[in-house]
Structure formats: C-alpha cells, structure tokens
Amino acid sequence: MRIELEKRAKISTLFSILSPFIAFLLMIIFGGIMFALLGKNPVTALYSFFVEPLSEVWSLHELAIKAAPLILIAVGLSVCFRSNNWNIGAEGQFIMGAIAGSILPVVFYDWQSPLVLPLMMLMGMLGGALFAAIPAFLKAHMNTNEILTSLMLVYVAQLFLDWLVRGPWRNPGGMNFPETRTFAADAILPEMIASGRTHWGFAFAIIAAILVWFMMRYTLKGFEISVLGQSERAGRFAGFSSRRMIWFSMLLSGALAGLAGISEVSGAIQQLRPVISPGYGFTAIIVAFLGRLNPLGIIAAGLVLALTYLGGEAAQLSLGVSDKVTRVFQGLLLFFVLSCDTLIHYRIRLVWYRFTASDLDGSR
Amino acid sequence: MGIVEAILLSVITAATPLVIAALGELVTERSGVLNLGVEGMMVMGAVSAFAATQITGSPYLGILAGIACGAVFSQLFAFLTLTLVANQVATGLALTLLGLGASGMLGESFLGIQGIKLQPIAIPVLADIPVIGPLLFRQDIIFYLSIALVAGVHWFLFKSRAGLKLRAVGDSHASAHALGVNVIRTRYLAVMFGGACAGLAGAQLSLVYTPQWVENMSAGRGWIALALVVFSSWRPWRLIAGGYLFGAVSISQLHAQAFGLGIPSQLLSSLPYLATIIVLILISHNRRTTLINTPASLGKPFVPDR
C-alpha cells in the first residue's frame, strides 16, 4: 500500500475548520489506547482527564489561569510562525519577562503605589522583548539561525533565574529557601471575577488575541506578515522588508511572552522561584498550531492545552498515573494537528496496487 | 592517572555523544531534511538503552535498544514530513516534545536506580602507549564507534555511489527525481540513520557519561548537535573538532568548580549554550559561504509528480 498526495486546486475550507477537531479526536483515541496499555480503564481515565476538571467552579478558574500564559505566548508565536520566523525560545522570554517585571516588587519592595502594577507589566513586556531582540538581531544582521539561538537562550534564562533566586534576590527572611520575597499587595495582579482565582492575565490574553486577530485580518501589517511568510520574494517586490519583519515579529512575541511571565508570577505565584513555568513556552507552540495560527482559534486551543495540564494533575490523584502523561498527550496532539493539516492542501489517496497497465497509458 | 589525562578523558566522554548525534543529523540534512527532533530521539535512546540494560543486564543489548528506539522513533517524523509533507520545523519540534514526554513516562520506574556502566575495552599493544594509550585505546565501544562512523560516513558521502545520490537528493530533489533516484526512500533512510545515531548518542549518556536515568538527561545536547552540523559546514571530519571543542567547554564548568574560582555555577553551566550561539554567529555571518555549504533543498518539501 502506498499513500499518494494530490494537490488540491483550492485550499479546503472544510478541512481547515475540521482538522483541529480530527486531531483532538485522534489524540483521545490514542490516549484511550495508552491508558488501556497502562492497565487503566480507558473510559474512566479519559473522563477524569478531560471531563472532571470542567465540572467544578474552582477548577474552571484553574483552567483560565493555566490558559492565560499559553494564549498570550501562542498569539505572539502565531505572528512569528506566519512570517516564517521560528522563535522557539518563548520559554526564555517568559522567564526574562517575569524577572524584569519583578525588579520593582523584589528590589524596591518598599515602594508602594498604584503605579507599581502597570509598571511591572510594562517592564515584563520590555524584558521579554529585549530577550527576543537577541535572536532577532542575530538573524536579521548576522544571518544566524533563530531556531538554535532562541532555544539556547532558554537554558541561559533558566540558569539566570536560578542564580537570582539562590543568590542576590533570595528572601533574607526566607530560611534559605531559594525564593524571593512574597510580593506586596500592590504588586499582585488582582482577581477578575469574585467566584475564584482567575486573575487579569486571562483578560490580557483575550485582549491580545483579539488585537492581533484584528491586525492580521484588517491591516496592511497583517497582509505584510502573510505575504512575507508565504513568499519572501513576492514580499520584496511589494516593498516589504523581511529584515524589519524579523524584528517586528520577534519583538512582539517576546513582549507577549514577557507579559505572560510577569502576569503568571504576579497573579498566580506571587514570588520568584527557581522554576516558574511547567514548559508554557514550549506548550504554546502546540497551542499556536492547534489554533491554526489564528488568534481566535488560539483562545480555544489554549483552553484545550490548559485542560491537559489539569487533567494530568487530576489523573495523577485519582488514577495514580504519572503526570508525565500530560506531556505525551501534548506531543501526540501536535503530531496529529500537523498530519491533519495535510488534508487542507492535499487530497490523500491510498494506492493498493503497485503497477498496472494503466500506468503505461500515456493519458495518466 | 594525572590531572591532565583525567581532564582529557572527561572531554572525550562529553564529546562522544555530540559527535555521534551530529553525524546522524549531518547525513539527514545532506539528504535535504531538517530534523529538529534530535533532542527527543536522543532522550528516547537514553531511556530505552538504560531500561534494556537493567532488564537484560547487558549494556551491549542496551546500546542496541537505544539505536533501535532512535531509528523507529525517527520514522514518525519521516512519515509526517516525507509522506504527508508536514512542515519539517514544526514536526521536528513535535518529535522533541513527544520524546521528552514519553521518555519521562517510560523512565519513571527507573529513576534513582544505579545503572550498569559500559566497560572499556583495551586494544592490545596500543593501550600500553603512554598518555595516548589510556586516552584513545582504553575506551568503551561507543567511542570507537564514533570515530569509525565519522570515517564511514565520510567515505559513504564522498566516495560511494549511494552517497552521491544522497547528496544529489539534498541539493536538488527535482533533478535527482528526474534522474530516477527515489527521493522519498533516500530521505526515509537518511532520517532513520539520523535517528539511529541520536539513539546511540543517548545510549552513551545513560550507559557511559552518567550511568543512570535522569529525566531530560540530554539537557540540550541534541540542540547543540544541530548547531555542530552548521559548524562543520556539513563535513563529517569537522564534527570531531567541533564536538571536542564543545565537550571541552561543557567539562570546563566541572573543573572550574573544582578549582573554586568563585564564579557562579549557573554562569559556568550556561557556557555551552553561550558558546553555541557565538560559534553559530562566527560560522553563519558570511551569507555567501553559508549559502554554498548548506544543502540547497534543506527543509524544502517534495511531492513527486506522478
């Protein structure tokens, strides 16, 4: 048996809507098989993984808290990926945003003012953008592969955070624990709704998604992003500069990852620790593709991936399965998304024969 | 054994997995496929080699398991990018994410278990040469393999007919296809070789470098291997120089700590990553030479017209 692809004359609208759903369904089926192999009842396992976290108010809040950074980062990444700039160092930009935003509440902890919070958010964005500026500069002016440089910088950011919280920023009254002071009330991102913990980071995520969606759809910049992404040559003829686009997309995604970082620290953790992210920057890559690089799709995709984090925790408690299952689910999902995207551009045919007389016929 | 010898020995141990993984990726990229999943294949190789060694008691079966696992795992990437023409960058990332997740899950029951170290094999006569003997001829089989593989791949790529075809596929898949070379099959095999090498490199980590299983134990080495391929300008012998340079950098942190220089350990630990960036800049800043060296079809999808 052979698989043959036939290019569609037009992109299939049906499959561009359906493909994320098919991918999700495939992940559920494979997940069920995986649970069965681990000796669990697949139905109850999948129920506690994907349904139970949605059944209570507090866990819905947790869902929003986890979705916020994923959506914020993925929205920025969608602009990068659409313009063919492969920023995969969002995890590092997230961390540097969190660090830059925490300068006020950690170093200048005496200063209490309503200005603290907005300044923290701005500095977080600046920190993330500056850290993304390194691979942007290296790609735009030194011709250096941004995939490798942005990824290497993730390790550097993680080690830098580790050094800060164990060294100069360690809480002097913290019994030598590797963590900073807890943020003062002025530096904590408030809760959005009275019923639970969801903080304003979730609102930032939705606003960012809508703004970027508007930009992509209705502005010249959005057009420029897609043209340069699909054909750099065509973009050059239109007078667009791919060098400027490297800067634009990298700084935008860095700033959004930085905002995600400081929102997470200020809203959910309320201090810096050696590890502040369960891989949000990498999971956001999956979110971006599951949302088909469309900011509105990314909102939905962010909620789905947030659910896998919660489901992993729930399944660990109720079934005793390892929480590593989450990462497997996430990896599988990206595989299925990428394979289903083939259906949008190609018709897939299974060919059962190897060679027949009709192959010799010149008309085919 | 003197201090210098000890340092050199640790450099070799640190460099070997980099050389092997980069060599596999070099062949893959020479065929025109960019597989960013090296990190994932490596960590899968590490966990399966460790598990097989624990179960069978033989590190040699462990090595085979690592190679097999890397090769099989890479075919997932090959199917998506070659048969379904999915985006190579995104699929490579998916392979890495899945590999890190799956290895964490598979390896959970092996955490904290003392591993079985692969024993060195002394080569008669040569092993008795002072200094060089213990360094180069009293090594484990994976080290010998790494050198043999570099020589073999060099011969294959530049002296054999099949290697010529593989390079043709990587430089212009349309022309190679027109000449009757099976582009897709060549690339499947090249990806598989890359996976097998990454698996072997992973086996070295969990059987020689630190004989135990630690989650994410590849710690970015797969990515450094990718950078090494660029560093080598896609030429096998240069990988040895590059690999040993990076091995020296990553070992320097341990020795600097031993000397107590008072530099934060985190800064020393970030040296290999910073060095990678610096080397990449030095190698790629000249657009023209980069363009000449890079396989021309690298990362470009190919759908045969029928």
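Which residues of chain A does UniProt list for "transmembrane region"? The unreviewed UniProt entry lists residues 12-38, 58-81, 93-109, 115-138, 199-216, 245-262, 282-307 and 328-348 of chain A. The structure considered here is a predicted model.

**Annotated segments of chain A**
- Residues 199-216 of chain A are 89% helix and 0% strand, with the end C-alpha atoms 27 Å apart.
- For residues 328-348 of chain A, the content is 86% helix and 14% strand, and 27 Å separates the end C-alpha atoms.

**Helix H14 of chain A**
- Helix H14 of chain A spans residues 325-345, 21 residues in total, and extends 32 Å from its first C-alpha to its last, close to the expected 30 Å.
- Because 17 of its 21 residues are buried, H14(A) is largely enclosed by the rest of the structure.

**Contact between chains A and B**
- In chain A, 39 residues are in contact with 41 residues of chain B.
- On the side of chain A that touches chain B, at least two residues each come from strand E1 (2-7), helix H6 (116-142), helix H7 (146-166), helix H12 (280-290) and H14.
- H14(A) contributes the most to that side, with twelve residues.
- The side of chain A that touches chain B comprises 24 nonpolar, ten polar and five charged residues.

**Leu93 of chain B**
- Leu93(B) lies in helix H4 (residues 88-106) of chain B.
- Leu93(B) counts as buried because it has 26 C-beta neighbours inside 10 Å, the cut-off being 20 or more.
- Beyond its neighbours within four places in sequence, Leu93(B) is in contact with Ile88(A), Ile285(A) and Leu36(B).
- A distance of 18 Å separates the C-alpha atoms of Leu93(B) and Ala196(B), which are 103 residues apart along the chain.

Note on methods
Residues are numbered from 1 along each chain as its sequence is written. Chains are lettered from A and ligands numbered from 1 in the order in which they are written. This is a predicted model: local features need pLDDT of at least 70, side-chain atom pairs count only at pLDDT 80 or more; totals for chains, interfaces and linings use all residues. UniProt positions are given in the numbering used here, feature names are shortened, and annotations may be inferred rather than shown by experiment. Helices (H or I, at least four residues) and strands (E, at least two) are DSSP runs, numbered from the N terminus. The expected span of a helix is 1.5 Å times one less than its number of residues. A residue is buried if 20 or more other C-beta atoms lie within 10 Å of its own, exposed if 12 or fewer, and partly exposed in between; C-beta atoms are placed from the backbone. Two residues are in contact if their C-beta atoms, placed from the backbone, lie within 7 Å. Ala, Val, Leu, Ile, Met, Phe, Trp, Tyr, Cys and Pro count as nonpolar, Asp, Glu, Lys and Arg as charged, and the others, Gly among them, as polar.
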